[in-house]
Amino acid sequence: MVDAIVTGAGGFLGKRLVGRLEQAGVDVFALDRKYGDISDEKTWQQLPAANVLFHLAGRTFVPDSWTQGPSFTAANVLGTQHALNWCKRHKSKLVFASAYVYGVPERLPIRESDPARPNNPYALSKHLAEQLCEFAATYEQIPVVVLRLFNIYGVGQRSGFLIPTLLNQVRAKQEIHVMDLGPRRDYVFVDDVLNAFTKAMDVPEGYHCLNIGSGTSYSVQEIIDILQKAAGTDLPVVSACTVRRNEIPDVRADITRARAVLGWQPEWDLPAGIRVVMKES
């Protein structure tokens with residue numbers, strides 16, 4: 001018996017969550033890929049009992065989801081069903097790492113009660129997993145906290161994501177090339193996300209679905225400006241003016257519910273977080 005299990009413990013977020021929990025004195029079992037595939041029931045049979053399961057394992061990165069749909073469905077949907085089955089057997093709480101599932105929002109900021117209209121296979125897989133979570137909480141009395149994570153960034157993030165891509169171009173001190181300067185996203189620093197996960201351990205039983213974002217959106221142009229200011233550069237910016245398929249123009253989370261349920265709020269704004277990323281990566 002341990003206090004908590006973290007799936008996806010080898011990933012960008014999972015590795016940090018394991019460290020944060022251990023620093024707090026929590027006895028953690030870190031489940032990473034060497035234990036097997038989360039879409040395989042056999043992987044779950046070898047896990048010890050625990051009070052809380054932090055389920056972070058799964059496929060990410062929207063561009064990959066358009067070409068690798070079966071893999072995203074297996075990891076994010078079937079993997080979550082196995083996680084819920086495991087929680088039922090061990091009478092454990094589930095804290096599930098979800099994502100932005102709203103599609104093009106009808107209003108800003110976006111509330112959890114607004115319609116979920118996923119417009120890419122990654123968001124669809126997370127929305128389907130959320131439905132499994134809500135069903136299990138409602139009909140099988142499994143306590144579940146779903147954290148809808150907006151655009152996370154931080155030191156060590158995969159280079160294909162926007163901020164690491166732009167940072168690498170700024171450091172190269174050449175022209176900065178982007179597809180589109182216009183889209184706005186709600187960027188939340190990884191340390192703030194970790195705080196939300198740790199606070200979710202203490203949430204009362206039932207089903208809770210919470211937005212985890214900063215509550216502020218920035219365009220690609222504004223992020224480049226922040227990076228260039230922090231780096232002391234004034235590099236030319238070249239946009240291909242290419243709008244991505246199913247592009248969402250603006251995203252901003254309403255985090256009122258997370259404040260009320262978790263007692264959580266973001267402590268980092270984007271310029272401060274980017275300065276840390278530039279210093280430590």
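**Figure 1. Packing of helix H4 against helix H5 in the predicted model.** Helix H4 (residues 69–90) and helix H5 (residues 121–139) pack with their axes 9 Å apart and at an angle of about 15 degrees, the axes being lines fitted to C-alpha atoms over the stretch in contact and angles running from 0 to 180 degrees between N-to-C directions. H4 is therefore roughly parallel to H5, a term that applies to angles under 35 degrees. On the H4 side the contact involves Phe72, Asn76, Val77, Thr80, Gln81 and Leu84, which meet Tyr122, Ser125, Lys126, Leu128, Ala129, Leu132, Cys133 and Ala136 in H5; contact means heavy atoms within 4.5 Å. By class, nine nonpolar, four polar and one charged residues make up this contact, where Ala, Val, Leu, Ile, Met, Phe, Trp, Tyr, Cys and Pro count as nonpolar, Asp, Glu, Lys and Arg as charged, and the others, Gly among them, as polar. Helices (H or I, at least four residues) and strands (E, at least two) are DSSP runs, numbered from the N terminus.

**Figure 2. Strand E5 and its pairing with strand E4.** Strand E4 (residues 93–98) and E5 pair in the parallel sense over five bridges. Phe96 has Val146 in E5 as its bridge partner, and Ala97 stands opposite Leu147. Six of the six residues of E5 (residues 144–149) are buried, so the strand is largely enclosed by the rest of the structure; buried means under 20% relative accessible area (1.4 Å probe, protein chains only). Val144, Val146 and Arg148 point one way, and Val145, Leu147 and Leu149 the other.

**Figure 3. Surroundings of Asp254.** Asp254 lies in the loop between strand E11 (237–239) and helix H9 (256–262). This residue is buried, with a relative accessible area of 14%. Leaving aside neighbours within four places in sequence, Asp254 is in contact with Pro109, Ile110, Arg111, Glu112 and Asn211.

**Notes.** Residues are numbered from 1 along each chain as its sequence is written, and side-chain values use heavy atoms, with hydrogens and water left out. The model is predicted: local features need pLDDT of at least 70, side-chain atom pairs count only at pLDDT 80 or more, and totals for chains, interfaces and linings use all residues.

Key:
Angles under 35 degrees count as roughly parallel, over 145 as roughly antiparallel, 65 to 115 as roughly perpendicular and the rest as oblique. Buried means under 20% relative accessible area, exposed over 50%, partly exposed in between (1.4 Å probe, protein chains only). Two strands pair if DSSP finds at least two bridges between them.
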